[in-house]
Amino acid sequence: ADKATQREVTDEIVPGLVESFTAESTSVLFFSYGQTGTGKTRTMLGTEASLRSAEPHEEWGVFPRVCTAAFDKLAALRARGVKCRLSGSAIEFYLGECFDLLSSSRAGNSPVQIEAQSHMPAGESCVPLERPADLAPFFEKVIANRTARSTNFNHASAEHSGSSRSHAALTLTLAT
């Protein structure tokens, strides 16, 4: 079949990713690729309305589901006495530049530098993420600051900001 629910996608890919990330301290990458209007952002994040939920939501995409699964794994580690901290950051790549989606505003975007040697971002905001309720304010900033507009494929409305006009990287960092 060419269609799958958010839960089906998550059930297939998330357990292994989260296990590698939390237990093996492995970097994990997941991304979506395709033409404008094919649902990449929805697959990765879910609906904008679902991202305002302080609890897991049926329409959440892969990223919030990965976060929730990571919260569960980290709670188990903490119960065994392991000290760990999860944080999130979000950057946008737009018109050849990189911007911090957690501190940007329509009044002015906060640029992020990419280190020449490591090709890693430097100077982006990081926020602690401890439980599902921490995700709503995180996503609120990301959506508010992401460059989007109405297109023939994705019309902007009160419930949807339209088509994303950039690439974004949402990063989870686990410190133990």
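Predicted model: local features only at pLDDT ≥ 70, side-chain atom pairs only at ≥ 80, totals over all residues.
Start with α3, which runs over residues 62–79. The helix has 18 residues and reaches 26 Å from its first C-alpha to its last, close to the 26 Å expected at 1.5 Å a residue. After α3 comes Gly81, with a positive phi near 90°.

Next, look at α1, made of residues 6–23. The axes of α1 and α3 lie 9 Å apart, and the two helices pack at an angle of about 40°. That angle makes α1 oblique to α3, and the crossing is right-handed. On the α1 side, the residues that meet α3 include Val9, Ile13, Val14 and Val18. On the α3 side, those that meet α1 include Val62, Val66, Ala70 and Leu77. Sorted by type, the residues of this contact are ten nonpolar, three polar and four charged.

Which residues of α3 are buried? Among them are Val62, Phe63, Val66, Cys67, Ala70, Phe71, Leu74 and Leu77. An α-helix has 3.6 residues a turn, so residues three or four places apart point the same way. The cover over the buried residues of α3 includes α1, but also α2 (40–45), β1 (85–94), α4 (135–145) and β9 (167–175).

Strand β1, part of that cover, holds Ser89. Is Ser89 buried or exposed? Ser89 counts as buried because its relative accessibility is 4%, below the 20% limit. Leaving aside neighbours within four places in sequence, Ser89 is in contact with Leu102, Glu124, Ser125, Cys126, Phe138, Ala169, Leu170 and Thr171.

Definitions and conventions: Residues numbered from 1 in each chain as written. Heavy atoms only, no water. Axes fitted to C-alpha atoms, helices over the stretch in contact; angles between N-to-C directions. Helix = DSSP H or I, 4+ residues; strand = E, 2+ residues; numbered from the N terminus. Parallel < 35°, antiparallel > 145°, perpendicular 65-115°, else oblique. Left-handed = near helix turned anticlockwise from the far one by under 90°. Contact = heavy atoms within 4.5 Å. Nonpolar A, V, L, I, M, F, W, Y, C, P; charged D, E, K, R; others polar. Expected span 1.5 Å × (residues − 1). Buried < 20%, exposed > 50% of the residue type's maximum accessible area, 1.4 Å probe, protein only.
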